[in-house]
Amino acid sequence: MSDVLFNLYGLTITPWKLVGLLGTFLFTARWFVQFYATRKSKRVVMPMSFWYLSIVGSVMTLAYFIWGKNDSVGILQNAFPMFVSVYNVYVHVRHHQPEVVSPGGSEEN
């Protein structure tokens, strides 16, 4: 996985670096998802996709820092947000109550 795939303007690209870059992209994309959800509902919203992107992005960047780069700073930097995101998803799934639609609601008008 540490074989050089190609060089791009002096930047060496390896499979592990692609994993790390994709993880960073996903971890960053969560803020665009949150911004869109907040803008759409006109109030601050943290959609579940924010937490899913956090978990996937953290796992990918953590894998990069563990096996691709062996960098303890990067490992510590990504381990804590991953656990927080997993905990938030766990709490949501455990305490989530299904939405109940009652007759005569707004969708019937």
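The model is predicted, so local features need pLDDT of at least 70, side-chain atom pairs count only at pLDDT 80 or more, and totals for chains, interfaces and linings use all residues. Residues are numbered from 1 along each chain as its sequence is written, and side-chain values use heavy atoms, with hydrogens and water left out.

Start with the layout. The chain holds three helices and two strands. Read from the N terminus, the order is β-β-α-α-α. The chain has 109 residues, and 32% of them are buried. Buried means under 20% relative accessible area, exposed means over 50%, and partly exposed lies in between (1.4 Å probe, protein chains only).

Met1 sits in the segment before strand 1. Its relative accessible area is 51%, so Met1 is exposed. Met1 and Trp16 are 15 residues apart in sequence, yet their C-alpha atoms are 6.1 Å apart in space.

Strand 1 covers residues 6–8, and Asn7 belongs to it. Asn7 counts as exposed because its relative accessibility is 53%. The Asn7 side chain makes a polar contact of 3.0 Å with the side chain of Thr12. A polar contact here is a pair of N or O atoms within 3.5 Å; within protein, one must be able to donate a hydrogen and the other to accept it, and residues adjacent in sequence count only if both atoms are side-chain atoms.

Helix 1 spans residues 15–41. Gln34 is part of helix 1. Gln34 counts as buried because its relative accessibility is 14%. Gln34 and Val45 are eleven residues apart along the chain, and 6.7 Å separates their C-alpha atoms.

Lys42 lies in the loop between helix 1 and helix 2. Its phi is near 60°, a positive value in a residue other than glycine. Most residues other than glycine have a negative phi. Lys42 counts as exposed because its relative accessibility is 74%.

Helix 2 runs over residues 48–69, 22 residues in total. From first C-alpha to last, helix 2 reaches 30 Å, close to the 32 Å expected at 1.5 Å a residue. That expected span is 1.5 Å times one less than the number of residues.

How do helix 1 and helix 2 pack, at what angle and how far apart? Their angle is about 155°, and their axes are 8 Å apart. Axes are lines fitted to C-alpha atoms, for helices over the stretch in contact, and angles run from 0 to 180 degrees between N-to-C directions. Helix 1 and helix 2 are therefore roughly antiparallel to each other. The cut-offs are under 35 degrees for roughly parallel, over 145 for roughly antiparallel, 65 to 115 for roughly perpendicular, and oblique for the rest.

The crossing of helix 1 past helix 2 is left-handed. By class, their contact has 15 nonpolar, ten polar and two charged residues. Ala, Val, Leu, Ile, Met, Phe, Trp, Tyr, Cys and Pro count as nonpolar, Asp, Glu, Lys and Arg as charged, and the others, Gly among them, as polar. A crossing is left-handed if the near helix is turned anticlockwise from the far one by less than a right angle, and right-handed if clockwise.

Just after helix 2 comes Asn70. Asn70 lies in the loop between helix 2 and helix 3. Its phi is near 55°, positive in a residue other than glycine. Asn70 counts as exposed because its relative accessibility is 65%.

The axes of helix 2 and helix 3 come within 8 Å and cross at roughly 150°. Helix 2 and helix 3 are therefore roughly antiparallel to each other. Their crossing is left-handed.

Helix 3 covers residues 72–95, with Asn78 among them. Is Asn78 buried or exposed? Asn78 counts as buried because its relative accessibility is 8%. The side chains of Asn78 and Thr61 are joined by a polar contact of 2.8 Å. A polar atom of the Asn78 side chain also lies 2.9 Å from the backbone oxygen of Gly74.

Conventions:
Helix = DSSP H or I, 4+ residues; strand = E, 2+ residues; numbered from the N terminus.
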